[in-house]
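Please keep the sequence and the model in view while reading.

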Amino acid sequence: MEITLNNNKIQTQAATIQNLIDSLNLKDHNIVVELNLQIIKKVNWAQTTLHKGDNIEIITFMGGG
């Protein structure tokens, strides 16, 4: 299905946000996920299903000093 990820249209087979995070090989402890303008809590990623046309923003935080 086609979704928009960080302003780029992509094809994915991911059924949930957690599937998408895993398929992108992201470390889930440093990111925030927004689905259709709503922040989705990490505890809900595995239960939150994706649908054709969804708009997802993934923000990654980096530490440093």
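The text below takes up the fold, then the core, then the overall values.

This is a predicted model, in which local features need pLDDT of at least 70 and side-chain atom pairs count only at pLDDT 80 or more, while totals for chains, interfaces and linings use all residues. Residues are numbered from 1 along each chain as its sequence is written, and side-chain values use heavy atoms, with hydrogens and water left out.

A nonpolar core is a set of buried Ala, Val, Leu, Ile, Met, Phe, Trp, Tyr and Cys residues joined through side-chain atoms within 4.5 Å; buried means under 20% relative accessible area with a 1.4 Å probe, protein chains only. The largest such core has 14 residues, and Ile17, Val33 and Ile56 have the most contacts inside it.

Leaving aside neighbours within four places in sequence, Ile56 is in contact (heavy atoms within 4.5 Å) with residues including Ile3, Leu5, Leu20, Val33 and Leu50.

Of the 65 residues in the chain, 31% are buried. The C-alpha trace spans about 40 × 25 × 20 Å along its principal axes. Among contacts between residues at least 6 apart in sequence, 53% join residues at least 24 apart.

Methods
Buried means under 20% relative accessible area, exposed over 50%, partly exposed in between (1.4 Å probe, protein chains only).
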